[in-house]
Amino acid sequence: MADASGILAPTMKISSSVAIDRSGFCSPNFVSERIRCSSSTSPETRAPRFISKGCKLVGCGSALPNLQFSNHDVTKIVNTSDEWIYSRTGIRNRRILSGDESLIGLGVEAARKALQMADVEPDDVDLILFCSSTTDDLFGGAPSVQKALGCKRNPPAYDIRAACTGFILGLVSASCHIRGGGFNNVLVIGADCVTRYVDWTERKICVLFGDAAGAVLLQACDIEDDGLFGFDLHTDGDGKRHLNAVIKPNEGNISNNSVPGLIFPSGPASISQIQMNGQEILRFVVKAVPQTIEASLRKAGVRVSDIDWLLLHQANQRIIDSVAKKLEFPMEKMICNLENYGNTSAASIPLALDEAVKSGKVKEGETMMLGGFGAGLTWGSAILRWG
């Protein structure tokens with residue numbers, strides 16, 4: 001396990017092996033860089049040692065709000081119908097955070113379930129990555145998750161804000177911490193409450209989203225057992241204009257005559273409701289997502305026919321069908337729960353994964369392609385093995 005501070009020893013030794021390049025190339029056919037790092041447990045064990053690790057998924061969990069909100073419920077708010085919503089999105093129900101429930105609470109519940117499956121205690125967690133763009137606190141949710149889990153060794157915990165692609169970025173980040181930093185157990189939590197920022201008078205947007213949390217535990221393993229074979233990540237800031245929820249400054253200002261030019265806002269800024277150009281997002285996704293998945297396949301050195309399951313971000317059934325068709329991937333090998341939960345942003349992939357594992361659909365040793373896309377615009381993919 002690495003020092004929680006992440007400080008490397010002054011001496012570094014690189015072996016004659018290689019692991020992941022910047023583009024996300026990683027395969028069990030290659031060996032990892034061996035970096036000499038400091039230890040973290042006690043003064044008696046601070047002698048530098050070599051790190052040569054792979055990583056694997058060993059636990060998963062999910063959590064949902066209590067309130068179920070059907071398409072029929074939506075029709076009581078906006079002029080629409082169950083048939084109109086389902087035919088355009090593939091969604092019939094969603095869950096909405098309400099009452100005393102909190103997003104942190106959902107994240108903690110999902111994380112506890114992942115730890116329980118992996119048979120890992122909270123005190124053995126080395127790092128928590130909280131992937132969320134809608135956390136309960138302006139300064140992030142990861143520290144609150146760490147506290148609620150009762151991690152007494154104070155492991156580092158931080159947020160990753162990348163909207164619907166957040167979980168894949170968290171997954172790749174976790175693997176890098178394990179391979180290059182010597183961490184043993186890393187929690188990756190995807191949790192979002194997008195319904196807080198939905199305009200419930202705009203039927204093209206309000207019908208899409210739901211709230212949820214999902215979590216996985218990545219654990220260090222021998223390089224021969226490495227379970228993350230390849231990944232590919234991208235961002236295009238120019239696409240922000242098609243999907244955003246920007247900060248709006250308070251309209252009123254208070255001037256201070258003692259300091260010329262200094263003007264204070266009369267109140268806190270707010271975040272606008274979600275603005276989205278659905279047609280542009282659809283055009284972008286059906287082109288970009290197959291490309292990123294094909295890139296991950298090349299880096300992993302595997303073919304589409306080698307993949308057992310395809311799990312895409314659960315945004316819209318039309319998008320999922322279009323990507324599967326472009327990849328010529330059989331629909332019966334798709335993992336999809338969009339109908340029941342809608343678009344849960346960073347939670348959608350770990351939520352669907354957890355359900356697929358718990359139901360027995362995904363079995364130990366099977367290989368999955370993950371594909372995510374969202375605001376930013378961000379998109380990416382990963383090829384990995386379960387268990």
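**View 1. Surroundings of Leu312 in the predicted model.** Leu312 touches Val289, Ile293, Ile320, Val323, Met334, Ile349 and Gly371, leaving aside residues up to four places away in sequence. Two of these partners, Ile320 and Val323, are among the buried residues of helix H8.

**View 2. The largest nonpolar core.** This core comprises 42 residues, and those with the most contacts inside it are Val285, Ile293, Leu310, Leu312, Met369 and Phe373. At least two residues each are supplied by helices H2 (82-89), H6 (203-206), H7 (278-300) and H8, and by strands E17 (309-312), E18 (367-374) and E19 (378-385). Helix H7 provides the largest share, eight residues. Another core, of 36 residues, lies apart from this one and includes Val216, Leu228, Ala356 and Leu370.

**View 3. The buried and exposed sides of helix H8.** Within H8, which spans residues 317-327, the buried positions are Ile319, Ile320, Val323, Ala324 and Leu327. Viewed down the helix axis, the buried residues of H8 fall within an arc of 130 degrees and therefore line one face of the helix. An α-helix has 3.6 residues a turn, so residues three or four places apart point the same way. Lys325 and Lys326, on the other side of H8, are exposed.

**View 4. The two ends of helix H8.** Glu328 follows H8 and has a positive phi, near 55 degrees.

Key: Residues numbered from 1 in each chain as written. Predicted model: local features only at pLDDT ≥ 70, side-chain atom pairs only at ≥ 80, totals over all residues. Heavy atoms only, no water. Buried < 20%, exposed > 50% of the residue type's maximum accessible area, 1.4 Å probe, protein only. Helix = DSSP H or I, 4+ residues; strand = E, 2+ residues; numbered from the N terminus. Arc of directions from axis to C-beta. Polar contact = N/O pair within 3.5 Å; in protein donor to acceptor, adjacent residues only side chain to side chain. Core = buried A, V, L, I, M, F, W, Y, C linked by side-chain atoms within 4.5 Å. Contact = heavy atoms within 4.5 Å.
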